[in-house]
Amino acid sequence: MAAIAAINAFLSPVTHSITSKHTMPPPKILAGACLCGATTYTVADEFEYALNCHCAQCRRQTGAAYKPLAGIKRKTLTLTTGEILPYGEGPDAHDAHCATCFSYLYSIVRAGTYAHIAMGTMIDTPTIRPAAQIFVGSKAQWHTITDALPQYLELPPG
Ligand SMILES: [Zn+2]
Ligand SMILES: [Zn+2]
């Protein structure tokens, strides 16, 4: 299946056209910050997915009913000021907190290749919007979901 997808991508006039890549405007750069303002980051407005995660870990990490997160390739994320205090499993799997005020800013996931930005820490508004409620099977009993987004007990299929 992966091979077929690769062939289709190659055959697609949009994805394999080198000239169209060069004429595309550079992505908008978005800024984000922690509570105290010491730690700031920038990230390209090129998020691939955004989800509201209701799992118990995200609730405890944020203190909120759920965590809106937006996924993007790690290489587009830049720490601009301050210092990160990592919490977790090492350089390729951790949550990043401001070393001064301990605000949670983002997680490094998927073997270090992606960042999940805590959308609440963004100063600028990204183009993407959360598309689904995930881990609804373990959501807070005191929280009622009132929007029409699709809900998944855990992760969406696929
Ligand atoms: Zn801070
Ligand atoms: Zn979660």
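In which order do the three strands of the antiparallel open sheet stand? The order is β1-β2-β5, and the views below place this sheet within a predicted model.

**Conventions.** Residues are numbered from 1 along each chain as its sequence is written, while chains are lettered from A and ligands numbered from 1 in the order in which they are written. As the model is predicted, local features need pLDDT of at least 70 and side-chain atom pairs count only at pLDDT 80 or more, whereas totals for chains, interfaces and linings use all residues.

**View 1. Overall arrangement of the protein.** The protein contains three helices and ten strands. Helices (H or I, at least four residues) and strands (E, at least two) are DSSP runs, numbered from the N terminus. Along the sequence the pattern is α-α-β-β-β-α-β-β-β-β-β-β-β. Buried residues account for 25% of the 158 residues; a residue is buried if 20 or more other C-beta atoms lie within 10 Å of its own, exposed if 12 or fewer, and partly exposed in between, with C-beta atoms placed from the backbone. Of the contacts between residues at least 6 apart in sequence, 53% join residues at least 24 apart. Two residues are in contact if their C-beta atoms, placed from the backbone, lie within 7 Å.

**View 2. The open sheet of three strands.** The strands β1, β2 and β5 form an open sheet with antiparallel pairing; two strands pair if DSSP finds at least two bridges between them. β1 (29-33) and β5 (78-81) are the edges, and each has a single partner strand, so one side of each is left without a neighbour in the sheet. From one strand to the next the twist averages 30°; axes are lines fitted to C-alpha atoms, for helices over the stretch in contact, and angles run from 0 to 180 degrees between N-to-C directions. Five bridges join β1 to β2 (residues 40-44) in the antiparallel sense, and Gly32 has Tyr41 in β2 as its bridge partner.

**View 3. Thr80 in strand β5.** Thr80 belongs to strand β5. Is Thr80 buried or exposed? Thr80 counts as exposed because 11 C-beta neighbours lie inside 10 Å. Apart from neighbours within four places in sequence, its contacts are Thr40, Tyr41 and Thr42. Thr42 is 38 residues from Thr80 in sequence, and the two are 6.7 Å apart in space, C-alpha to C-alpha.

**View 4. The open sheet of seven strands.** The order here is β6-β7-β8-β9-β4-β3-β10, with mixed pairing. The edge strands, β6 and β10 (133-134), each pair on one side only. On to β8 (residues 104-109), β7 pairs over four bridges in the antiparallel sense, and Ala96 stands opposite Tyr106 in β8.

**View 5. Two phenylalanines with positive phi.** Most residues other than glycine have a negative phi. Phe102, in the loop between β7 and β8, has a positive phi near 70°. With 13 C-beta neighbours inside 10 Å, Phe102 counts as partly exposed. Phe135 lies in the segment after β10 and has a positive phi near 55°. Phe135 counts as buried because 22 C-beta neighbours lie inside 10 Å.

**View 6. The largest nonpolar core.** A nonpolar core is a set of buried Ala, Val, Leu, Ile, Met, Phe, Trp, Tyr and Cys residues joined through C-beta atoms within 7 Å. The largest has 26 residues, of which Cys53, Leu69, Ala70, Leu105, Ile117, Ala118 and Met119 touch the most other members. At least two residues of this core come from each of β2, β3 (49-53), β4 (67-73), β7, β8 and β9 (114-118), and β8 supplies the largest share, four residues. Not counting residues up to four places away in sequence, Cys53 touches Cys58, Tyr66, Lys67, Leu69, Ile134 and Phe135.

**View 7. Ala64 and Ala140.** Ala64 is placed in the loop between α3 (56-62) and β4. It counts as partly exposed, with 15 C-beta neighbours inside 10 Å. Ala140 is 76 residues from Ala64 along the chain, and the C-alpha atoms of the two are separated by 9.5 Å.
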